[in-house]
Amino acid sequence: MQISLYRFDPDTDESPRMDSLELDLPEGRDLMVLDVLELLKAEDSSIAYRRSCREGVCGSDGINMNGRNGLACITPVSEAAPRGKLTLRPLPGLPVVRDLVVDMSQFYRQYEKIEPWLVNDTAPPARERLQSPEDREKLNGLYECILCACCSTACPSFWWNPDKFVGPAGLLQAYRFLADSRDTATAERLAALEDPFSVFRCRGIMNCVSVCPKGLNPTRAIGKIRTMLLSQGI
Amino acid sequence: MSRLPTMEFDGVIVGGGGAGMRAGLQLAQSGLKTAVISKVFPTRSHTVSAQGGITCAIGSDDPDDDWRWHMYDTVKGSDYIGDQDAIEYMCSVGPEAVYELEHMGLPFTRTESGRIYQRPFGGQSKDYGKGGQASRTCAAEDRTGHALLHTLYQNNLKAGTTFLNEWFAIDLVLNQDGEVCGLVALEIESGEVVFVKSRATVLATGGAGRIYATTTNALMNTGDGVGMALRAGFPVQDIEMWQFHPTGIHQAGVLVTEGCRGEGGYLVNKDGERFMERYAPTAKDLAGRDVVARSMILEIMDGRGVGEDADHVLLKLDHLGEDTLRKRLPGIIELSKTFAHVDPAREPIPVVPTCHYMMGGVPTNIHGQALTQGVDGADRVVGGLYAIGEVACVSVHGANRLGGNSLLDLVVFGRAAGIHIEEAMRQGIDRRGPGEEDLARATARLERWNGSSSGESVADLKRELQRLMLVNFNVFRSGENMRSSIGELAELRERIARAHLADKSRVFNTARLEALELDNLLEVAEATAIVAEARTESRGAHARNDYTERDDDNWLCHSIYFAPDKRVGKRSVNFTPQTMEPFNPTERSY
């Protein structure tokens with residue numbers, strides 16, 4: 001198989017390059033892209049990328065495969081490269097540390113900005129706070145985010161304003177707490193999102209929805225936040 | 001090495017999984033100067049992969065549930081070498097720790113009355129084994145670990161915990177009094193090596209399933225804490241006890257939660273027979289994991305395996321209906337489709353027992369303080385060192401862990417260690433700093449790799465080690481194979497000491513990390529092999545075909561292992577819970 005791999009080491013390279021590599025894939029198994037990376041690394045240990053759980057839940061190995069963001073560990077090679085050539089690049093829009101490793105700090109800062117923790121200003125009961133199955137159901141499609149950054153780094157609005165636009169991942173989590181019947185900070189949360197950038201920089205491009213490896217829908221969550229902001233304004 | 005840059009904290013936690021972050025939260029809230037060091041961004045820690053739930057008698061499913069029943073089940077599950085004071089503490093404090101998680105925002109699945117949903121799990125009973133199957137495992141769908149880990153990270157953000165993310169711990173630093181006064185760590189992005197000085201150092205580094213060629217564990221579960229403890233001369237306990245989870249996806253090794261069987265799924269052999277009815281007539285598919293794993297292997301060895309090589313069995317879920325699967329096991333649908341190419345609503349999942357959990361680890365008391373043995377064989381607290389979670393051996397799991405007890409272990413003992421450190425700091429601790437030689441000892445293996453100029457590759461040696469462990473230290477073990485493996489591991493040690501780190505670059509050098517991890521894998525593998533061969537009985541997860549029976553006369557005890565002289569010793573099991581009579585060993589059947 002033909003592989004084109006993004007390489008960059010800031011200590012030795014003035015600019016990044018794409019290396020052309022050949023790899024004999026074992027017969028009869030549809031490998032994941034991460035398997036391909038591991039095979040390449042066994043040959044050339046200097047190739048750098050993040051990986052851990054290898055089952056799509058830790059969110060380490062978000063990369064760009066043939067132009068599309070996804071998790072290397074749950075993307076079959078046949079799906080990433082239907083025409084046989086696999087092109088692997090780091091997630092776009094974030095500074096590259098080395099090879100496929102990007103500097104995620106801007107992404108994490110946006111996540112922190114929405115204060116992603118439950119706020120409840122009543123004293124906790126001796127047991128759990130009750131929540132109906134219907135109210136709990138509202139968190140599905142939100143809490144499952146793995147912070148892989150595939151969505152935010154596929155978002156043109158985030159590329160333009162990574163310092164001011166919270167981005168799809170952060171906003172999905174903002175809505176996760178707005179939607180939680182146990183959270184009492186709705187007004188404060190909405191007030192923090194009112195400015196022209198935090199939420200309103202979303203242009204409904206929906207790249208986030210099309211790349212999310214967990215099948216989540218940040219655009220819908222952003223729409224719900226906007227509706228809440230509007231109804232609050234009225 | 002020239003003088004190392006130094007950072008100083010009251011407490012340093014190595015590892016940002018469930019245990020590390022629970023301890024980190026406790027310490028951050030106490031106002032002490034603490035840091036969590038993690039080789040990955042914390043939400044990437046392996047706790048994230050835990051699926052089925054956290055077992056705890058909160059009485060949601062059954063208002064009469066009792067933590068003492070949970071304790072009974074855990075003691076029995078441990079095949080009687082779990083420490084009863086520690087199990088008593090875990091099961092009785094558990095409800096408080098679980099409610100705290102809920103208050104922090106953990107999105108548990110709910111019952112109609114709005115309480116936390118609890119599902120049946122293996123080895124859980126009511127009324128001390130006499131009242132039938134208990135539903136005691138608190139769940140957030142089948143993503144409980146993910147929900148728990150993210151909730152803890154979020155609350156650490158709120159509490160202002162200092163995180164040193166993507167830092168790799170190389171070795172502990174001891175002072176001239178033999179106390180731990182911090183560690184040497186490598187900042188992965190910059191390649192800088194730093195002495196992290198600390199008055200309390202907490203190992204929360206998780207397991208080491210990667211000593212096996214197939215495992216449910218993440219690629220980073222390389223036993224770094226065990227390696228650090230052993231190299232520093234501290235012992236590990238019960239390290240021969242490795243849990244093989246009955247349902248790892250055939251070939252991929254990916255975990256399929258026991259919750260599948262809890263929700264009503266069951267295993268079948270090639271004849272479509274529900275074979276667990278023969279091996280465990282009462283609990284059937286929800287017997288202890290060691291029991292189910294052995295039964296599966298026996299079926300396969302008797303020629304009733306499935307597939308071209310008749311090397312696995314099937315987990316049947318389709319009778320549960322698509323609706324239940326979607327509601328209770330959505331993650332399993334995803335994983336089955338991705339890694340087994342089956343839709344469990346229609347076809348069964350091919351599964352095989354797969355290395356899953358390290359019951360052994362650094363021995364500790366219930367405050368998480370690491371223990372060693374004095375010359376008289378009595379327990380002695382290691383100054384400055386704590387261990388919590390999978391790297392620790394409190395021991396609440398003994399020879400076989402029950403499903404759902406690992407998440408409980410993490411939060412209960414992460415919290416306990418935090419409370420103890422807080423109290424110890426308040427009373428005042430002063431430790432001598434290290435000398436130049438002490439620091440040099442802690443950086444020696446990094447220097448060795450950095451100075452290597454030729455030799456075998458890390459990838460090749462790792463593959464060999466993992467293969468050796470998979471073949472010889474699996475569900476069933478033979479004395480002969482174990483003895484020859486010990487020789488091969490001694491050779492591997494010499495070869496690894498001469499191996500080559502080809503990439504010497506500075507920035508985000510993952511080849512260097514894998515080399516440092518290989519040192520740790522070797523420590524865990526060799527300890528496992530030597531102690532497994534020494535324990536001449538079958539108990540819990542340790543099943544030998546040359547010593548097929550449990551031997552309470554000689555082995556109703558912990559094993560303890562010291563790496564410097566490869567010495568195996570024994571340590572008493574605690575049979576003195578504080579509030580009740582102990583559970584005495586009886587024959588264990590399900």
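Mentor: Gladly! Let's begin with Asp180(A), which counts as buried at 2% relative accessibility. This is a predicted model, where local features need pLDDT of at least 70, side-chain atom pairs count only at pLDDT 80 or more, and totals for chains, interfaces and linings use all residues. Residues are numbered from 1 along each chain as its sequence is written, chains are lettered from A and ligands numbered from 1 in the order in which they are written, and side-chain values use heavy atoms, leaving out hydrogens and water.

Trainee: Which side chain meets that of Asp180(A) in a salt bridge?

Mentor: Buried means under 20% relative accessible area, exposed over 50%, and partly exposed in between (1.4 Å probe, protein chains only). A salt bridge needs a side-chain nitrogen of Lys or Arg within 4 Å of a carboxyl oxygen of Asp or Glu. With 2.9 Å from N to O, it is Arg182(A).

Trainee: Is Asp552(B), the partner of Arg550(B), buried or partly exposed?

Mentor: The closest N and O atoms of Arg550(B) and Asp552(B) are 3.1 Å apart. Arg550(B) is partly exposed at 24%. At 28%, Asp552(B) counts as partly exposed.

Trainee: Why is Cys355(B) too far from the closest cysteine sulfur for a bond?

Mentor: A disulfide is a pair of cysteine sulfur atoms within 2.5 Å. Cys355(B) is buried, at 0% relative accessibility. The closest cysteine sulfur belongs to Cys393(B), and it is too far for a bond because the distance is 16 Å.
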